[in-house]
Amino acid sequence: MQGSDHWENVYRNKQFDAVSWYAHHLSESLRLIQELCPESTASVIDIGGGESTLVDDLLRSNYLDVSVLDISATAIDFTRQRLGSKAQDISWHVGDITQYDFGSKQFDLWHDRAVFHFLTEPSARLSYVELVRQSVKPGGHVLMATFGPDGPLQCSGLDVVRYDDKSLHHEFGEDFQMLGSQLVEHNTPLGTNQQFLYCWCKT
């Protein structure tokens, strides 16, 4: 995955609703989060949340402990401005997920839509999974959405890794109990379709 300069350039030069991964609402993510962690007190982290409206929907669904991490400060600032006074109810993090440290904070649910598939180096994926191990509570949930087997080979000018449920679960290992998976077609702002694989597991 390219560093912050690449992503700052993307967010500074494209409208929020023009990037290929944009969706007005991440309805599938929200549905699964609510099924896996229905309690309003559940601690939820959105990895690569950037300019996504998932954080808005989590607040509207009365979740009280929501965090967002993105590598782009520009994307985080955009969403904070959009939320206005509600932004103070969110814990914001800016940094590279392969090098980040949440300290003692742990989460009930880890959500990632469209970050992990940018990690083309095995060492980066190992660092990511180790952070998940450290940051998700025992018995917590990990909800991942990557490009599926028929998804794009590139995104935002970068190579990606496509997954099926078995290969994605293999990256995390047997310590993560696979609960389910499904393929979802994402309609991009350009009118094309992207196949996403959703997988969810329990620690």
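Tutor: Contact here means heavy atoms within 4.5 Å. The model is predicted.

Student: With that in hand, what share of the contacts with a separation of 6 or more comes from residues 24 or more positions apart?

Tutor: Such residues account for 68% of those contacts in the chain.

Student: And the secondary structure, how many helices and strands?

Tutor: The chain has six helices and nine strands.

Student: How much of the chain counts as buried?

Tutor: Of its 203 residues, 52% count as buried. The chain exposes about 9,500 Å², and carbon and sulfur atoms supply 45% of that area.

Student: Take helix H2. Which of its residues are buried?

Tutor: H2 covers residues 27-36, and its buried residues are Glu28, Ser29, Leu30, Leu32, Ile33 and Leu36.

Student: Why would residues three or four places apart point the same way?

Tutor: Because an α-helix has 3.6 residues a turn.

Student: Switching to rings. How many aromatic pairs are there?

Tutor: The count comes to 10 aromatic pairs. One of them joins Phe102 and Trp110, edge-to-face, with 6.1 Å centre to centre and 85 degrees between the planes.

Student: Is Phe102 buried or exposed?

Tutor: Phe102 counts as buried, at 8% relative accessibility. Trp110 is buried as well, at 0%. The cut-off for buried is under 20% relative accessible area.

Student: What about Tyr128 and Phe172, how are those rings arranged?

Tutor: Tyr128 and Phe172 also form an edge-to-face pair, 6.4 Å centre to centre, with 90 degrees between the planes.

Student: Where in the chain do Tyr128 and Phe172 lie?

Tutor: Tyr128 is in helix H5 (residues 122-135) and Phe172 is in helix H6 (residues 165-172), so the pair ties together parts that are 44 residues apart in sequence.

Student: And their burial: what are the values for Tyr128 and Phe172?

Tutor: Tyr128 has a relative accessible area of 0%, which makes it buried. Phe172 is at 3% relative accessibility and counts as buried too.

Student: Which residues form the aromatic cluster?

Tutor: Tyr100, Phe102, Phe107, Trp110, Phe116, Tyr128, Tyr163, Phe172 and Phe176 form one cluster. Both pairs we went through, Phe102 with Trp110 and Tyr128 with Phe172, have their residues in that cluster.

Student: Last one. What lies over the face of Phe196?

Tutor: Arg113 does, at 4.6 Å from the ring centre.

Note on methods: Residues numbered from 1 in each chain as written. Predicted model: local features only at pLDDT ≥ 70, side-chain atom pairs only at ≥ 80, totals over all residues. Heavy atoms only, no water. Phe/Tyr/Trp six-rings, centres within 6.5 Å; stacked < 30°, edge-to-face > 60°. Buried < 20%, exposed > 50% of the residue type's maximum accessible area, 1.4 Å probe, protein only. Helix = DSSP H or I, 4+ residues; strand = E, 2+ residues; numbered from the N terminus. Lys NZ or Arg CZ within 6 Å of the ring centre and 35° of its normal. Areas by Shrake-Rupley, 256 points an atom, 1.4 Å probe, with all protein chains shown as cover.
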